[in-house]
Amino acid sequence: MPIIEPKDQSLKELKGLHLWHAELSSCAQRVRITLAEKNLEWQGYVIDIPKNEHATPEYQAINPKGLVPAFVDNGTLLIDSCDIIDYLDKKYPNPSLRPEGDTMEMQDWLAAADKAQTDLKLLSHEFLFRPRKDMSEDEVEDFASRHNNQVLVDFLREWQGSDQFPKEKLDAAVDRTDADFKKLDAALADRDWLLGNEMSLADIAWMPNVHRMMLMDWPLERYPHLCRWFEQVKARPSYQKALVEWEPAGLQDRFSRYVVERQKETGIHVTAFGVLAKAAA
Ligand SMILES: N[C@@H](CCC(=O)N[C@@H](CS)C(=O)NCC(=O)O)C(=O)O
């Protein structure tokens, strides 16, 4: 359900477009790209996830799930990135980011991107964000006492309490992501964009996921059509402005150094899991 009743009633007084987001959040990236494609002006509020700013009562009164993004359009509150971009395209249809007529296929791509979030989060925390792991037990328990979303709390406890997620979880997440990328690749075999000759919300929904896997050195060459698509994505000003330029300076180099060093020191790399390991054997 995209539009929700805000607990923080002051949101109803807001004029214009307002986005609560995080620099690296894939869900926020989708919304920023859509806003950029539509050339819309917006007011932003950065929520620092590593500093647990999404656990404050103030933020949870904005997004009751305590997740980013949250979006307000002239007093109307929306959460869930795929719902927000769908809303934006209907409310501000110029330029349109959906095919004419039947949009069922587009909705299916959006739903699949939304579903992929759990795996993207697990893989990102395993293969990119481990160096961020510096919370004491007290800090974890403080987060647990303040955040209402039990799924987030359980995830943080598991991540902070281990040097590696269980292999079977990583294998399964790699397998599902590979299956998604194969589906994208097949859809792109005879077209420039997922739904035809024009970029649509379906493409925007998947841009952050492919970008994220690229950062962890995922072997994208397994999907030649997806690689061609990703080159087009990179050439898009909205991708640069709304995704790349929000990354802290030097981040891509830091990630790629970490990925190489971890593989050298421990053998841990995304290609050591699931179908990627079988393919490399
Ligand atoms: N279905 C939601 C998922 C939102 C979500 O998972 N947001 C992530 C960032 S992409 C988040 O806030 N994570 C905080 C955390 O994991 O602690 C959407 O698409 O907006």
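Analyst: The largest nonpolar core has 65 residues, and Ala202 and Ala205 are those with the most contacts inside it. Such a core is a set of buried Ala, Val, Leu, Ile, Met, Phe, Trp, Tyr and Cys residues joined through C-beta atoms within 7 Å. The model is predicted: local features need pLDDT of at least 70 and side-chain atom pairs pLDDT 80 or more, while totals for chains, interfaces and linings use all residues. Numbering runs from 1 along each chain as its sequence is written.

The core lies between domain 1 (3–91) and domain 2 (104–280), because both give residues to it; the bounds come from an automatic or database domain assignment.

Ala205 touches Arg30, Cys82, Trp109, Leu110 and Ala113, leaving out residues up to four places away in sequence. Contact here is C-beta atoms, placed from the backbone, within 7 Å.

Helix α3 (residues 81–91) packs on α9 at about 145°, axes 11 Å apart. Axes are lines fitted to C-alpha atoms over the stretch in contact, with angles from 0 to 180 degrees between N-to-C directions. Cys82, Ile85, Asp86 and Asp89 of α3 meet Leu201, Ile204 and Ala205 of α9.

Leu194 sits in the loop between α8 (167–187) and α9 (201–215). Leu194 is buried because it has 22 C-beta neighbours inside 10 Å, the cut-offs being 20 or more for buried, 12 or fewer for exposed, and partly exposed in between. Beyond four places in sequence, its contacts include Trp109 and Ala202.

Note on methods:
Helices (H or I, at least four residues) and strands (E, at least two) are DSSP runs, numbered from the N terminus. Two residues are in contact if their C-beta atoms, placed from the backbone, lie within 7 Å.
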